[in-house]
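User: I am new to reading protein models and would like a close look at one residue and its surroundings, followed by a walk through the rest.
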Amino acid sequence: TTKQPILQVSGLDSHYGPIKALHGIDIQIGEGQLVALVGANGAGKTTLLRAISGVQPSSAGSIRFAGQEIGSMSADKRVRAGICQVPEGRQVFGPMTVEDNLRLGAYTRPKQDFAGDLERMYALFPVLKEKRHLLAGMLSGGQQQMLAMARALMGRPKLLLLDEPSMGLAPLLIREIFRIVEELRSQGITIFLVEQNAHAALAIADVGYVIETGSITLTGPGPELLANEQVQSAYLGM
Ligand code: ATP
């Protein structure tokens with residue numbers, strides 16, 4: 001018997017005014033899985049993530065999380081239910097220190113857990129410990145990405161939504177970010193990873209989905225999609 005997925009998106013539509021951006025999306029994420037969503041610019045990746053986290057309305061379909069329908073829940077309630085999104089472009093609070101950014105990420109958590117959770121984040125991202133008293137705006141792009149991830153993890157999410165964590169980073173840092181994503185998975189964190197960097201994302205994903213103009217067109221184990229000829233010609237420049 002297979003376990004119920006922690007996230008089940010079924011028949012999901014989403015519109016921007018008259019423009020339909022998502023068409024009947026079906027996605028399942030099992031507990032502890034790393035699932036990747038790849039697709040071109042404008043395919044609807046960010047819209048789908050925002051619909052799951054509740055900042056983008058959906059116009060049809062259902063989103064079940066941990067056995068509960070959440071499609072009409074506010075974004076804040078979804079965070080409290082355990083869904084946490086790391087937005088595209090990092091969006092850390094530049095005028096606040098690194099540590100205060102992490103404190104903000106813990107707003108749903110009991111105060112007595114803060115010190116321990118902070119130490120765990122500093123173990124995972126040593127550079128953030130080094131820079132904990134600096135303003136977040138002073139960090140490099142890669143360090144800000146790490147801070148955005150650590151801030152989300154401070155809420156101990158049951159599902160972490162990552163929107164293009166490798167965007168705009170140098171190759172060495174991209175490798176570092178993907179190494180951390182794998183480390184998080186090995187710690188049992190369920191991750192939905194959205195990436196234009198299809199190769200790196202599919203290489204580490206348990207399951208991959210390909211999205212094209214608002215529809216899922218392919219799915220399968222990450223490495224299998226990586227070997228798929230259609231995926232190779234469309235996304236991997238082969
Ligand atoms: P990117 O990698 O550029 O973020 P994406 O795959 O995440 O691309 P979305 O940002 O989800 O794609 O966009 C999906 C479609 O919805 C695109 O056609 C886009 O032009 C449209 N869209 C996105 N945001 C809006 C908006 N605020 N108003 C109107 N249309 C939008």
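What does Arg109 count as, buried, partly exposed or exposed, and why?

Analyst: Arg109 counts as partly exposed, because its relative accessibility is 24%; buried means under 20% relative accessible area, exposed means over 50%, and partly exposed is in between, using a 1.4 Å probe and protein chains only. Before going further, please keep in mind that this is a predicted model, in which local features need pLDDT of at least 70 and side-chain atom pairs count only at pLDDT 80 or more, whereas totals for chains, interfaces and linings use all residues. Residues are numbered from 1 along each chain as its sequence is written, and side-chain values use heavy atoms, with hydrogens and water left out.

Arg109 sits in the loop between α3 and α4 (114-124), where helices (H or I, at least four residues) and strands (E, at least two) are DSSP runs numbered from the N terminus. If neighbours within four places in sequence are set aside, Arg109 is in contact with Asp117, Met154, Gly155 and Arg156, and contact here means heavy atoms within 4.5 Å. Asp26, by comparison, is 83 residues from Arg109 along the chain, and the C-alpha atoms of the two are separated by 31 Å.

Helix α3 covers residues 98-105 and holds Asn101, which counts as buried because its relative accessibility is 0%. Not counting residues up to four places away in sequence, Asn101 touches Val92, Phe93, Met96, Ala136, Leu147 and Arg151. Leu147 belongs to helix α6 and is likewise buried, since its relative accessible area is 0%. The contacts of Leu147 beyond four places in sequence are Val92, Val98, Asn101, Leu102, Leu128, Ala136 and Leu139, while the C-alpha atom of Pro126, 21 residues from Leu147 along the chain, is 11 Å from that of Leu147.

From here we can turn to the nonpolar cores, each of which is a set of buried Ala, Val, Leu, Ile, Met, Phe, Trp, Tyr and Cys residues joined through side-chain atoms within 4.5 Å. The largest of them has 49 residues, and those with the most contacts inside it are Phe125, Leu128, Met149, Leu160, Leu184 and Ile191. Helix α6 (residues 141-153) gives the most to this core, with seven residues. A second, separate core has 27 residues, including Val35, Leu49, Ile83 and Leu161.

Gly54 is placed in the loop between α1 and β4 (60-65), and beyond its neighbours within four places in sequence it is in contact with Ala75 and Arg78.

Helix α1 (residues 45-53) also matters for the ligand, as it gives the most to the shell around it, with three residues. In total 13 residues surround the ligand, the closest being Asn41, Gly42, Lys45, Thr46 and Thr47, where a residue is near a molecule or strand if one of its heavy atoms lies within 4 Å of it. By class, this shell has four nonpolar, six polar and three charged residues; Ala, Val, Leu, Ile, Met, Phe, Trp, Tyr, Cys and Pro count as nonpolar, Asp, Glu, Lys and Arg as charged, and the others, Gly among them, as polar. In the side chain of Thr47, an N or O atom is 2.5 Å from an oxygen atom of the ligand, and in the side chain of Glu164 such an atom is 3.2 Å from an oxygen atom of the ligand.

Glu164 lies in the loop between β7 (159-163) and α7 (171-186) and counts as buried, because its relative accessibility is 4%. Its phi is near 45°, a positive value in a residue other than glycine. Most residues other than glycine have a negative phi. Thr213 also has a positive phi, near 35°, and is found in the loop between β9 (207-212) and β10 (215-220), but Thr213 counts as exposed, because its relative accessibility is 68%.

Key:
A polar contact is a pair of N or O atoms within 3.5 Å; within protein, one must be able to donate a hydrogen and the other to accept it, and residues adjacent in sequence count only if both atoms are side-chain atoms.
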